[in-house]
Amino acid sequence: MTGGAPTRLALRGIRKEFPGTVANDDVSLDVLPGEIHALLGQNGAGKSTLVKMIYGVLKPDAGTMLWEGAPVEIESPNGARTLGIGMVFQHFSLFESLTVAENISLALDGDEPLARLAERVADVGRRFGLAIDPRRHVHDLSVGERQRVEIVRCLMREPKLLIMDEPTSVLTPQETDVLFGTLRSLAASGCSLLYISHKLGEIQALCTKATILRAGKVVASCDPRQESPRTMAELMIGGSFTEAHREPRPPAGAPRLEVAGLATETGAPFGTEIREASFSVHPGEIFGIAGVAGSGQAELLAALSGEAPVADAAAIKIEGRAAGKLDAAQRRALGMAFVPEERLGRGAVPPMSLIENTVLTGYDARSLARGPWIDRGAAKREAERIVGEFGVVARAPEAEAGSLSGGNLQKFIVGREIGQAPKLLVVAQPTWGVDAGAAARIHAALLALADAGAAILVVSQDLDELFQLCDRIAVLYHGRLSAPTLASETDSQKIGLLMGGLFEAAETRHA
Amino acid sequence: MLRLEARREPSQAMVFGAPLIAVGLTLLAGSLLFGALGHDPVTALRVFFVEPISTANGLAELCLKATPLALCAIGLAIGFRAGVWNIGAEGQLVVGAIAGGGVALLFPQGGSAGLVGLAALAGAAGGLAWAAIPAWLRTRFNANEILTSLMLTYVAGLLLQYLVIGPWKDPMGFNFPQSRTFHRDTMLPILLEGSRLNLGAPIALLAILAGWLLLSRSLLGFQVRVVGLAPAAGVYAGFAPKSIVWFTLLLSGALAGLAGAFEVVGPIGQLLPSISPGYGFTAIIVAFLGRLHPIGILIASLLVALTYLGGEAGQILLRLPIAATGVFQGLLLFFLLACDFLIRYRIRIGGRHREAAP
């Protein structure tokens with residue numbers, strides 16, 4: 001059916017049901033040897049379920065899998081690895097206190113001496129451009145280097161199919177380019193790749209084939225090089241959407257948020273304390289903070305939101321008032337709103353209804369309480385308004401927040417905070433794990449809020465998003481914030497260098 | 001292989017059905033137990049659960065026993081909702097009894113019918129003060145309130161014993177370890193002539209109503225629930241977790257103290273070395289049996305009060321040991337927790353072994 005080379009992996013009519021949902025329905029696809037095959041889809045389209053079945057974590061309810069032409073049943077990840085299937089997860093599973101070689105040794109069967117293994121690791125690294133010193137300890141490595149260890153660990157078993165789940169979310173643009181070089185040379189050596197991502201630009205640059213899932217079904221397959229990110233996004237969501245656009249403008253007016261010499265001391269294990277951050281956000285401005293994951297974003301956001309007040313009250317000024325020691329509710333009273341990165345358990349209480357989750361932060365700003373009593377009618381109207389305005393798909397305003405999909409809950413939380421008409425909005429990862437349609441809606445709402453005169457701070461790891469939204473951008477690296485630059489005067493290459501810590505050519509890297 | 005699988009959303013009907021099923025299973029297991037002990041199960045169950053409440057006086061006794069359970073349980077439930085585990089209601093109840101009884105002993109000649117109100121307030125203040133200790137230890141040193149509140153229970157019990165053996169012993173009491181009997185003015189008025197039912201019962205009902213209003217309608221109750229369900233969301237919203245710890249511990253302590261005062265200025269009428277058959281501990285069962293919901297607690301407190309009455313009847317009529325009461329309460333809690341678990345999870349038989357990701 002495919003001519004010359006036998007198909008590496010073929011899925012035929014794969015179906016998987018979970019209580020209440022069909023995650024995959026009649027999914028068929030072919031992965032050829034040496035092919036970089038993209039798996040595309042919105043959140044909840046069934047990508048993760050599908051690869052979990054290929055990797056033996058889940059078992060399909062129906063359908064067949066053919067491995068190099070022969071039907072197989074993959075019982076476990078171990079079985080998958082024996083066949084020659086490797087997987088690099090979004091979240092790493094490395095022991096911090098061990099060396100690279102020790103970590104890799106743990107994943108391999110047999111008792112190869114560490115010294116010989118280290119040589120092989122270095123050799124594999126050289127062949128695929130994954131420079132890594134096998135004797136270094138993992139806790140010393142940057143996130144990008146840790147990912148290389150994960151990949152090398154898979155490559156040591158000489159896989160015939162490598163599955164990668166959102167590998168670039170932790171990488172700078174430069175590191176991404178290096179990774180793509182590696183993946184291309186891997187493919188050239190005959191290894192097939194199944195690549196999951198929602199960054200359409202990357203898929204276009206890297207992949208030679210794409211299978212698009214929507215609601216558990218294959219809706220299209222295409223050659224990404226023949227498509228535009230827009231056409232692929234439309235295939236994903238099954239409709240058209242308009243992308244928000246904004247002309248960057250310089251800051252004007254008295255700052256709504258002024259951060260001067262901010263340093264944190266949360267003492268959280270494995271955290272990255274803020275060592276120095278100074279910036280200001282002005283009315284009508286969208287200010288972006290870029291940085292790879294774990295650069296201190298969580299600590300900066302907790303200090304700004306009031307969840308972790310700082311010792312120096314004047315380090316954070318909201319509307320000119322020293323706010324460093326205020327808690328989250330007191331800062332809200334000054335006109336601030338905040339969308340945190342974690343939706344469940346922080347931005348929303350999972351077992352509570354959307355109505356009650358509206359009250360969580362809106363009781364004061366939206367007058368959802370009369371004296372000590374909650375005004376349940378007003379809360380319900382407010383929840384209905386948010387659901388309607390932001391197209392939140394929910395059974396009813398009474399639905400538990402935990403029953404919503406990630407994207408819908410994000411729309412709800414963004415809608416709730418914007419609905420309070422804040423003078424200052426701090427948003428973390430506004431479209432993290434959100435499908436293209438919902439992302440466009442959230443972006444449009446943020447732009448409208450800025451046009452109405454609010455100051456907005458966006459912390460994101462998605463550079464495309466920052467360039468699309470922001471007037472000025474600064475970069476966080478190991479707890480230090482770079483000087484802000486106008487978005488119109490920089491580009492993703494320059495920001496990428498800052499994300500890697502090159503604040504000034506003369507400055508040495510901070511470990 | 002047995003495998004547990006989380007249900008998507010717990011069935012609403014089962015959330016309310018589970019306590020009923022648990023009661024049914026308790027009766028079933030209880031009748032098997034009676035059978036094994038050589039009693040006719042039907043007769044035994046009737047002695048235990050029907051006869052005690054077949055007279056007006058029986059019903060009055062039921063309400064009398066349910067009063068301290070309900071008062072303690074409503075306070076505990078509000079704390080449990082916030083994830084604050086006060087296990088020491090028994091100790092707070094005892095200190096409340098000491099404080100309330102102490103006020104009553106101050107007025108051996110009576111004086112005004114309002115004195116009982118003073119005794120009740122003193123009881124609440126005593127329980128509150130006793131609960132303030134674990135609250136301070138928790139907020140200041142992050143000491144686990146389960147341990148501290150439980151240990152303070154034994155301190156309270158010994159304090160009471162010391163008082164009735166020592167300084168507060170009735171000089172005319174033939175050296176028995178008990179205080180003087182209280183004056184009529186310092187005792188709760190009887191509601192039903194010929195029974196022991198007193199004003200405490202309607203006050204407990206009011207407390208349950210107030211608890212319901214607090215939890216379901218007030219902003220403070222909302223904060224309590226948020227902090228219990230998702231502490232990080234509480235911090236995100238700006239609810240001070242320490243204030244919630246203080247509030248819930250002081251509230252449950254005051255209510256338990258009130259219950260203790262009501263016992264001594266109610267049915268007991270003096271201070272004795274032991275003034276509670278473990279109401280403060282049993283209230284934990286009541287709180288969970290009532291699903292930490294005020295209305296549920298009202299029903300559960302009556303039900304558990306019935307096990308106390310049934311235990312007494314079983315002792316007298318069937319010569320069953322007093323332990324039968326504890327067995328019934330234990331069975332009830334066991335079945336309730338089991339039913340609860342099965343609402344959230346289902347058991348799959350023949351499930352496949354799952355391997356974790358590497």
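The model is predicted, so local features need pLDDT of at least 70 and side-chain atom pairs count only at pLDDT 80 or more, while totals for chains, interfaces and linings use all residues. Residues are numbered from 1 along each chain as its sequence is written, chains are lettered from A and ligands numbered from 1 in the order in which they are written, and side-chain values use heavy atoms, without hydrogens and water.

Chain A, then. Four of its strands make an open, antiparallel sheet in the order E12-E11-E14-E15. Strands here are DSSP runs of E, at least two residues, and helices are runs of H or I, at least four, numbered from the N terminus; two strands pair if DSSP finds at least two bridges between them. Strands E12 (277-281) and E15 (321-322) of chain A are at the edges with a single partner strand each, so one side of each has no neighbour in the sheet. E11(A), residues 257-262, pairs with E12(A) over four bridges, and A:Val259 stands opposite A:Phe279.

Now chain B. Helix H12(B), residues 294-318, has 25 residues and spans 35 Å from first C-alpha to last, close to the expected 36 Å, which is 1.5 Å times one less than its number of residues. Just after H12(B), B:Arg319 has a positive phi of about 60°.

Which element of chain B gives the most to the nonpolar patch? E2(B) does, with three residues. Strand E1 (2-6) and helix H13 (323-344) of chain B also give two or more, and B:Leu342 sits in H13(B).
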